[in-house]
Amino acid sequence: MRASGRTAVSAALLWLVAAVAVRATMRAGIPSTVFVHDPAHGNVRMGVKSEFCDNGETHLELDWDGSDDSNFTCTPSRRQAFEAESEARAAAAKPEFHLSEPAKPLHHRCTSQAISYDKRLPTSGPHRPLWPVWGRYIYVPAQRWLHSLEHGGIVGLYHPCAPAEQVEAFADAIAGCLRRHVIAADGVRLRPDRPFALLAYRNKVLMANYDRGTVESFILSHALRGPERTPRQGQYSLGLVTRPAMSQTTKTASCVPDG
Ligand SMILES: *[C@@H]1O[C@H](CO)[C@@H](O)[C@H](O)[C@H]1NC(C)=O
């Protein structure tokens with residue numbers, strides 16, 4: 001009886017080892033090619049670093065390769081345009097909401113292919129296969145942060161000439177509310193009369209002045225509603241300054257439990 005029991009245990013163990021080995025072999029044998037059957041994304045695999053398509057580090061010059069700060073610094077001409085709108089900002093009583101914008105196809109495009117948008121601040125559309133690590137950046141091209149929106153993240157953009165104390169309050173409000181955020185300056189996509197923007201998939205709000213209530217209620221209503229929820233961290237980090245302070249499991253500091 002004991003002997004046959006031992007044999008059964010050995011057989012079960014042997015079977016388990018064999019099953020694990022077969023699985024590992026199968027995994028290793030699956031080629032992690034760039035192109036997969038995934039029509040929703042133009043058949044380009046997401047989140048896999050590829051030398052042929054997007055490695056997140058080189059051949060980035062069609063969007064931004066890190067060598068040029070002209071799109072996110074407060075240049076004298078941008079400063080002038082910003083100052084010229086100060087009365088308009090003071091007079092703007094209400095934030096400007098753009099809700100339920102039409103859904104554009106979410107195709108993935110390799111970095112050799114230019115992607116342009118028909119809006120300054122698109123909330124859906126084609127993008128790069130690799131998405132940004134959550135956090136605060138000096139700059140992130142729309143071709144990257146659109147992927148963050150698809151995953152239910154919130155993107156906070158500010159004009160580089162906006163007052164520093166408002167910028168810090170804006171960034172703190174977002175980061176203190178939701179871990180899944182991308183925060184960056186953008187002097188091209190933001191209008192000087194609305195220097196703060198919060199974006200979610202198919203929704204955005206533009207603000208003349210930072211307003212905490214607007215930021216928190218927008219995040220509560222629109223975060224984590226992207227069409228593709230994935231717990232996976234991003235692979236792109238060019239220009240990253242700080243990662244979210246709250247960890248994936250700490251939910252106490254956030255106004256949205258975002259796992
Ligand atoms: C600046 O932004 C424009 C518009 O998004 C883009 O076409 C251009 O490549 C960007 N230039 C740099 C150097 O980032």
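Residues are numbered from 1 along each chain as its sequence is written. Because the model is predicted, local features need a pLDDT of at least 70 and side-chain atom pairs count only at pLDDT 80 or more, whereas totals for chains, interfaces and linings use all residues. The pLDDT, which is the predictor's confidence in each residue on a scale from 0 to 100, averages 87 over the protein chain, and 82% of the residues score at least 70. Over residues 20-32 the pLDDT stays under 50, and for this stretch the model has 1 contact beyond four places in sequence, a contact being a pair of residues whose C-beta atoms, placed from the backbone, lie within 7 Å.

The protein chain contains 6 helices and 7 strands, taken as DSSP runs numbered from the N terminus (helices H or I, at least four residues; strands E, at least two). Their order along the sequence is α-α-α-β-β-α-β-α-β-β-β-α-β. Of the contacts in the protein chain with a separation of 6 or more, 74% are accounted for by residues 24 or more positions apart. Of the 259 residues, 38% count as buried, where a residue is buried if 20 or more other C-beta atoms lie within 10 Å of its own, exposed if 12 or fewer do, and partly exposed in between, with C-beta atoms placed from the backbone.

The largest nonpolar core comprises 45 residues; such a core is a set of buried Ala, Val, Leu, Ile, Met, Phe, Trp, Tyr and Cys residues joined through C-beta atoms within 7 Å. Ile-154, Tyr-158, Phe-170, Ile-174, Val-182 and Ala-184 touch the most other members of this core. Two or more residues are given to the core by each of helix 4 (142-150), strand 3 (154-158), helix 5 (164-175), strand 4 (181-185), strand 5 (196-200), strand 6 (203-207) and helix 6 (212-222). Beyond its neighbours within four places in sequence, Ala-184 is in contact with Tyr-137, Ile-138, Tyr-139, Val-140 and Leu-157.

In helix 6, the buried residues are Val-215, Phe-218, Ile-219 and His-222. These residues lie on the same side of helix 6 because they cover an arc of only 95° around the axis, the arc being that of the directions from the helix axis to the C-beta atoms. An α-helix has 3.6 residues a turn, so residues three or four places apart point the same way. Gly-213 and Ser-221 are exposed on the other side of helix 6, while the cover over its buried residues includes strand 3, helix 5, strand 5 and strand 6. Just after helix 6, Leu-224 takes a positive phi of about 65°.

Around the ligand are Trp-64, Asp-68, Ser-70, Asn-71 and Val-188, a residue being near a molecule if its C-beta atom, placed from the backbone, lies within 6 Å of it. This shell divides into 2 nonpolar, 2 polar and 1 charged residues, with Ala, Val, Leu, Ile, Met, Phe, Trp, Tyr, Cys and Pro counted as nonpolar, Asp, Glu, Lys and Arg as charged, and the others, Gly among them, as polar.

Several individual residues were also examined. Pro-160, in the loop between strand 3 and helix 5, is buried because 23 other C-beta atoms lie within 10 Å. Its C-alpha atom is separated by 8.7 Å from that of Thr-75, 85 residues apart along the chain, and Pro-160 is in contact, leaving aside neighbours within four places in sequence, with Phe-72, Thr-73, Cys-74, Arg-78, Ala-185 and Gly-187. Leu-240 is placed in strand 7 (residues 240-242) and is partly exposed, with 18 other C-beta atoms within 10 Å. The C-alpha atoms of Leu-240 and Tyr-139, 101 residues apart along the chain, are separated by 8.0 Å, and with neighbours within four places in sequence left aside, Leu-240 is in contact with Val-133, Gly-135 and Tyr-137. His-98 lies in strand 1 and, not counting residues up to four places away in sequence, touches Asn-203 and Lys-204.

Positive phi values in residues other than glycine include those of His-59, near 55°, and Ser-100, near 50°. His-59 is in the loop between helix 1 (2-29) and helix 2 (76-84) and counts as partly exposed, with 16 C-beta neighbours inside 10 Å. Ser-100, in the loop between strand 1 (96-98) and strand 2 (135-137), is exposed, with 8 other C-beta atoms within 10 Å.

How values were computed:
Contact = placed C-beta atoms within 7 Å.
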